[in-house]
Amino acid sequence: MNTDLKNFVVAYLRVVVMALVPMVLTAFLSIPYSLGGNPGDIYAREQTSDQHMT
């Protein structure tokens with residue numbers, strides 16, 4: 001591989017990875033926080049009343 005091309009590809013990949021890291025961290029930290037757990041977890045259903053009010 002040409003040295004200039006290799007330097008360009010390495011610099012390009014650094015920029016792409018550094019742009020994706022904050023996005024991935026935000027997604028994988030904020031989604032479980034907003035859901036109160038990990039997606040796919042089984043939650044106990046809490047029943048607040050004995051009847052369904054319709």
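In which helix do Phe-8 and Tyr-12 lie, and how many residues apart? Both are in helix α1 (residues 3-35), four residues apart, about one turn of the helix. This is a predicted model, in which local features need pLDDT of at least 70, side-chain atom pairs count only at pLDDT 80 or more, and totals for chains, interfaces and linings use all residues. Residues are numbered from 1 along each chain as its sequence is written, and side-chain values use heavy atoms, with hydrogens and water left out.

**View 1. The aromatic pair of Phe-8 and Tyr-12.** The structure holds one aromatic pair. Phe-8 and Tyr-12 are stacked, at 6.1 Å centre to centre and 25 degrees between the planes (rings of Phe, Tyr and Trp, its six-membered ring, pair with centres within 6.5 Å; planes under 30 degrees apart are stacked, over 60 edge-to-face, the rest tilted). Phe-8 is exposed, at 54% relative accessible area (buried is under 20%, exposed over 50%, partly exposed in between; 1.4 Å probe, protein chains only).

**View 2. Helix α1 and the residue after it.** The chain has one helix and zero strands (DSSP runs numbered from the N terminus: helices H or I, at least four residues; strands E, at least two). With 33 residues, α1 reaches 48 Å from first C-alpha to last, close to the expected 48 Å (1.5 Å times one less than its number of residues). Just after α1, Gly-36 takes a positive phi of about 80 degrees.

**View 3. Surface of the chain.** The accessible surface comes to about 5,500 Å², of which 64% belongs to carbon and sulfur atoms (Shrake-Rupley method, 1.4 Å probe; for residues, only the protein chains shown count as cover). Of the 54 residues, 4% count as buried.
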